[in-house]
Amino acid sequence: MMGWLNVGSLVLGLIAWILPVVSLMRYKQGGHKNWAAFSVMSVSACAISLYFQICYNHHLVTIEDWSALMDTTGALVKVAAILLIVTIVLNALTLIVYRDRTVK
């Protein structure tokens, strides 16, 4: 059951990146009504994805699988940082692009 946390984390991480990209692609088509909702869902998906990883690490501590923790923690920190930075950059870019559109 706990293995699904990694799959869910991966899927939610991809969703966190796809939503702002979809929002940016809709900019040229004039579909700018829901950009804020897409950004909120993107940041939420990123947060839940990171939470799933924290839960999985907690599971590894609970079952005392120290070797798995030592093997995966370094990569997890790097991937979590990449997920967070790319999500923030994409949503900031969406905010900058749509800022002029919503002021008018």
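This is a predicted model: local features need pLDDT of at least 70, side-chain atom pairs count only at pLDDT 80 or more; totals for chains, interfaces and linings use all residues.
**Entry 1**

Next I looked for nonpolar side chains on the surface. Val7 belongs to a nonpolar patch there, together with Met1, Trp4, Val11 and Ile15. I noted about 580 Å² of accessible area for these five residues together.

**Entry 2: Ser42**

I turned to helix α2, residues 35-62, where Ser42 is found. Ser42 has a relative accessible area of 0% and is therefore buried. Which residues does Ser42 touch, not counting those up to four places away in sequence? I listed Ala16, Leu19, Pro20, Thr87 and Asn91.

**Entry 3: The cysteines**

How many disulfides does the structure hold? I recorded 0. A disulfide is a covalent bond between the sulfur atoms of two cysteines. The cut-off I applied is 2.5 Å between the two sulfur atoms. Starting from Cys55, I found its closest cysteine sulfur in Cys46, again at 15 Å and too far for a bond.

I also noted the accessibility of each cysteine. Cys46 counts as buried because its relative accessibility is 4%, whereas Cys55, with a relative accessible area of 21%, is partly exposed. The limit used here is that buried means under 20%.

Technical notes
Residues are numbered from 1 along each chain as its sequence is written. Side-chain values use heavy atoms; hydrogens and water are left out. Buried means under 20% relative accessible area, exposed over 50%, partly exposed in between (1.4 Å probe, protein chains only). Patches are made of residues with over 30% relative accessible area and no salt bridge: like charges are joined within 9 Å, nonpolar side chains (Val, Leu, Ile, Met, Phe, Trp, Tyr) within 5 Å. Accessible areas come from the Shrake-Rupley method with a 1.4 Å probe; for residues, only the protein chains shown count as cover. A salt bridge is a side-chain nitrogen of Lys or Arg within 4 Å of a carboxyl oxygen of Asp or Glu. Helices (H or I, at least four residues) and strands (E, at least two) are DSSP runs, numbered from the N terminus. Contact means heavy atoms within 4.5 Å.
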